[in-house]
Amino acid sequence: ASDGRRGLVSSTRLGGDWVLAESEQLAPACTAEEVLRAYLTGSLQKEWNADKVSRVAFSRAASPERGRYYRQDIELRSVRVIRSRTGPMSYSQTISVDKVGGRHYCALVRLDPDCPATARKPFEALSVYVGLQQVGPDVRIYAAGVFRVNRRVVPNLVVFDASGIAGDMAGKGTLWLAGHFERRRVAAAAAAVAREARGGAGGAA
């Protein structure tokens with residue numbers, strides 16, 4: 001994509017207000033732990049989604065039912081839908097993370113019903129699985145989730161494809177990870193070339 005995102009995303013309308021969204025990408029030259037750390041960095045999420053996100057914050061939390069987890073507080077910018085605007089939207093998500101084997105991770109993302117949210121938010125419910133699989137020097141990132149579209153935000157019109165809205169948001173929520181690590185890889189390669197050039201020049205002198 002022109003904004004640096006790399007990967008594939010698809011969405012399928014399941015019936016009613018429910019949508020299935022999937023994405024897959026390959027983050028180069030990194031570890032699964034580094035990808036997880038980047039995903040849980042609010043400044044990076046805001047940087048890569050600046051057109052839609054005004055604030056992202058993460059905190060650690062715990063409860064008897066969920067155990068230890070991360071809470072993600074999100075504030076979205078007002079967006080135009082058909083002929084009106086949504087106004088600013090805010091909600092919170094829980095992110096439960098498990099380590100699989102020695103090098104892989106999986107995460108489960110859900111709306112947090114215990115935190116305040118605006119009546120207008122993109123989804124009434126969501127449940128997203130994210131898998132981080134180390135493949136040699138790279139990390140395969142696969143995400144699949146089901147979303148219940150909020151009809152106070154997305155009108156129930158035949159001509160308006162709610163699955164497209166869900167797919168766009170799901171894709172933009174994660175596909176920046178591959179782009180982020182590709183930028184890091186390119187910067188590291190350029191730095192290595194520069195160091196080699198400086199070393200060669202010093203040797204010649």
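Me: What makes Leu14, Trp18 and Val146 a nonpolar surface patch?
Reply: Together they make a patch of about 250 Å². Patch residues need over 30% relative accessible area and no salt bridge, and nonpolar side chains (Val, Leu, Ile, Met, Phe, Trp, Tyr) are joined within 5 Å, like charges within 9 Å. A salt bridge would be a side-chain nitrogen of Lys or Arg within 4 Å of a carboxyl oxygen of Asp or Glu. Please keep in mind that this is a predicted model, where local features need pLDDT of at least 70, side-chain atom pairs count only at pLDDT 80 or more, and totals for chains, interfaces and linings use all residues. Residues are numbered from 1 along each chain, and side-chain values use heavy atoms, without hydrogens and water.

Me: Why is Trp18 called partly exposed?
Reply: Its relative accessible area is 35%. Buried means under 20% and exposed over 50% (1.4 Å probe, protein chains only), so a value in between is called partly exposed. Trp18 belongs to strand β2 (residues 18-27); a strand is a DSSP run of E, at least two residues.

Me: How do you know that β9 and β10 pair?
Reply: Pairing requires at least two DSSP bridges, and β9 (residues 123-135) and β10 (residues 138-149) have 12, in the antiparallel sense. Among the facing residues, Phe123 is opposite Val149 and Tyr129 is opposite Ala144.

Me: What makes β1 and β3 edge strands?
Reply: The open sheet runs β1-β2-β10-β9-β8-β7-β4-β3. β1 (8-15) and β3 (53-63) each have a single partner strand, so one side of each lacks a neighbour in the sheet.

Terms used:
Helix = DSSP H or I, 4+ residues; strand = E, 2+ residues; numbered from the N terminus. Areas by Shrake-Rupley, 256 points an atom, 1.4 Å probe, with all protein chains shown as cover.
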